[in-house]
Amino acid sequence: QYELGEKTKITSMCIDGGDVYVTGYDSISEDNIVARLWKNGEEIGLDLTGNVSYAYDVAIEKGVVYVAGSQSREETGAGKMHDAMLWAGNTSMPLPIPDKYTNKHAQARTICINNGVVYVGGSVGYDSEGKPYIWKNGGEDVVVEKFETAEAKTFVKNLKFVNNELY
């Protein structure tokens, strides 16, 4: 049984063995949105620092729970600028934004793990400069070649591997 608020949004689900993991967020007010992760109906706390945060996707690899999302930077007030976030176990890390994006805004929307390598898809930039983006291993390596000509205001919503090819 999941105790959900009136304005709770469920964004993804992952099953690992007999456990069910669910991500989402609660819209408590315009300036207070909280990312959520549940395991078998019980909330698992995420390490949150901003007043606006979202959890969009969850994946499990070798017992480690990975969550992709975003959270506002404290200095921006009501969530105007976000960092793309990767939560892994009890660790949270903002994903890097390339220097060429002057508006340092990012969102992580999906996560996929292949042969132990973690891929996170989302977007970087804001409004007119926003582009789809994929981070590999928390930003150590970045896969962007496929998206250099993408239209603005688009993002990566889903990642899948087929025969070791990323789609």
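Let me start with a question: is Glu30 buried or exposed? Keep in mind that what we have here is a predicted model. Glu30 has a relative accessible area of 70%, and exposed means over 50%, so this residue counts as exposed. As for where to find Glu30, look in the loop between β2, residues 19–29, and β3, residues 32–39. One more thing on this residue: count 22 residues along the chain and you reach Val52, and the C-alpha atoms of Glu30 and Val52 are separated by 8.7 Å.

Okay, on to the sheet. Four strands make up an open sheet, in the order β5-β6-β7-β8, and the pairing is antiparallel. Which strands sit at the edges? Those are β5 and β8, the latter being residues 91–94, and each of them pairs on one side only. If you ignore direction, neighbouring strands in this sheet are turned by 20 degrees against each other on average. Let's zoom in on one pair: β6 and β7 run antiparallel and are joined over seven bridges. You can pick out Ser72 there, standing opposite His82 in β7.

Now for the inside. The largest nonpolar core has 18 residues, and Ile111, Val120 and Trp135 are the ones with the most contacts within that core. Which elements give two or more residues to it? They are β6 (64–72), β7 (82–88), β9 (106–114), β10 (117–124) and β11 (131–136). The biggest giver is β9, with four residues.

Last topic: backbone angles. Most residues other than glycine have a negative phi. Which way does Lys62 go, positive or negative? Lys62 has a positive phi of about 50 degrees, and it isn't a glycine. You'll find Lys62 in the loop between β5, residues 53–61, and β6. Its relative accessibility is 79%, so Lys62 is exposed.

Asn164 is another one to look at. Its phi is positive too, near 60 degrees, and again this is a residue other than glycine. Where does Asn164 lie? In the loop between β13 (161–162) and β14 (165–166). Asn164 comes in at 53% relative accessibility, and because the cut-off for exposed is over 50%, Asn164 counts as exposed as well.

Conventions:
Residues are numbered from 1 along each chain as its sequence is written. This is a predicted model: local features need pLDDT of at least 70, side-chain atom pairs count only at pLDDT 80 or more; totals for chains, interfaces and linings use all residues. Side-chain values use heavy atoms; hydrogens and water are left out. Buried means under 20% relative accessible area, exposed over 50%, partly exposed in between (1.4 Å probe, protein chains only). A nonpolar core is a set of buried Ala, Val, Leu, Ile, Met, Phe, Trp, Tyr and Cys residues joined through side-chain atoms within 4.5 Å. Two strands pair if DSSP finds at least two bridges between them. Axes are lines fitted to C-alpha atoms, for helices over the stretch in contact, and angles run from 0 to 180 degrees between N-to-C directions.
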